[in-house]
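Follow the chain through its sheet and helices. Keep the viewer open as you read.

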Amino acid sequence: MSIKKTIIITGGAVGLGLELTRIYAGRGHNVIVCGRTESALTAVSEEYPNTTVFCLDLSTPSGRRQFVDGIHDLDVGVDLLIHNAAIQVSADFSKGAAVPERIAAELSINLHAPIELTTDLMPLLRKAVRPQIVFISSALGRVPKQSAPVYCATKAGLSTFARCLRYQLEGTPVLVADVVPDLIRTRMAAGREENALHPADAANVIVRGLEQGKTEIRLGRVPVLYTLHRFLPSLAYRMLKAA
């Protein structure tokens, strides 16, 4: 008989996050989900009674505090924390087209929130026998594209933070995983779905990797891209520049 776990998934009502929620909630685990779309969250909670949903905005300090306080109020240990929520905003700084408010939101959701939530939820993670912290980063953090400089920078920072945190938690039961997906069929991949992974397929690969205790999970074409970047970095940069 499997042990029921408590799992947190940010952005767990849409896209890849929704598929991860479906897997874990479908197995009977208690899944805590946050998001900004109330209708999507309602659909999740109606389909899976073992989910707890929070409608809030992780780009704001009040939203992050609401989420953390709500989790602490549940008074449970956390077995798995998946930092999945992210936004991608196109911005051309050469044309002065970057809106400060949108830059701040992208930085907050993609980088600030995962770091802050990890800090605030660490006491609950330490209550679990074998807790895991998972960061959904991106190959664009290593091989960026020109149209989304802030997104690429946040994903580079997220991957680096994950590695540093793993170093700091060596010798403890807490495992830290960096997940680097290929392009996935979500709103972020609109118009580029032909070669994208189905989110359900990506979620299954991620779950299997976490069950195996992997700390680096690379999906689809990412291993090939990383190998190319290692030996022919200029070619890798040219390939992704206009992606």
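Helices (H or I, at least four residues) and strands (E, at least two) are DSSP runs, numbered from the N terminus. The model is predicted: local features need pLDDT of at least 70, side-chain atom pairs count only at pLDDT 80 or more, and totals for chains, interfaces and linings use all residues. Residues are numbered from 1 along each chain as its sequence is written, and side-chain values use heavy atoms, with hydrogens and water left out.

Strand 1 (residues 6-10) and strand 2 (residues 30-35) pair in the parallel sense over five bridges. Two strands pair if DSSP finds at least two bridges between them. Ile7 stands opposite Val31 in strand 2. Between the two strands, the chain passes through helix 1 (residues 15-26), and this β-α-β crossover is right-handed. Right-handed here means that, with the strands pointing away from the viewer, the path from the first strand over the helix to the second runs clockwise.

Is strand 1 enclosed or open to the outside? Five of its five residues are buried, so strand 1 is largely enclosed by the rest of the structure. Buried means under 20% relative accessible area, exposed over 50%, and partly exposed in between (1.4 Å probe, protein chains only). Thr6, Ile8 and Thr10 point one way from strand 1. Ile7 and Ile9 point the other way. In a regular strand the side chains alternate between the two faces of the sheet. Strand 2 is mostly covered too, with five of its six residues buried.

Strand 1 has another partner. With strand 4 (residues 80-83) it pairs in the parallel sense over three bridges. Ile7 stands opposite Leu80 there.

Axes are lines fitted to C-alpha atoms, for helices over the stretch in contact, and angles run from 0 to 180 degrees between N-to-C directions.

Strand 2 and strand 3 pair in the parallel sense over five bridges. Val31 stands opposite Thr51 in strand 3. Contact means heavy atoms within 4.5 Å. Gly35 has Cys55 as its bridge partner in strand 3. The chain crosses from strand 2 through helix 2 to strand 3, again in a right-handed β-α-β crossover.

Pro49 sits in the loop between helix 2 and strand 3. Is Pro49 buried or exposed? Pro49 is exposed, with a relative accessible area of 72%. Its C-alpha atom is separated by 26 Å from that of Ile136, 87 residues apart along the chain.

Ile71, in helix 3, is buried, with a relative accessible area of 0%. What does Ile71 touch, leaving aside its neighbours within four places in sequence? Ile71 is in contact with Ile8, Ile32, Phe54, Val78, Leu121 and Leu124. The C-alpha atoms of Ile71 and Leu124 are separated by 9.1 Å, and the two residues are 53 residues apart along the chain.

Turn to the helix pairs. Helix 3 (residues 61-74) and helix 4 (residues 100-125) pack at an angle of about 25 degrees, with axes 10 Å apart. That makes helix 3 roughly parallel to helix 4. Angles under 35 degrees count as roughly parallel, over 145 as roughly antiparallel, 65 to 115 as roughly perpendicular and the rest as oblique. Residues making the contact include Phe67, Val68 and Ile71 of helix 3 and Leu117, Leu121 and Leu124 of helix 4. The crossing of helix 3 and helix 4 is right-handed. A crossing is left-handed if the near helix is turned anticlockwise from the far one by less than a right angle, and right-handed if clockwise.

Helix 4 also meets helix 5 (residues 149-168): their axes come within 8 Å and cross at roughly 15 degrees. That makes helix 4 roughly parallel to helix 5. This crossing is right-handed. Among the residues that meet are Ile103, Leu107 and Leu111 in helix 4, and Val150, Leu158 and Phe161 in helix 5.
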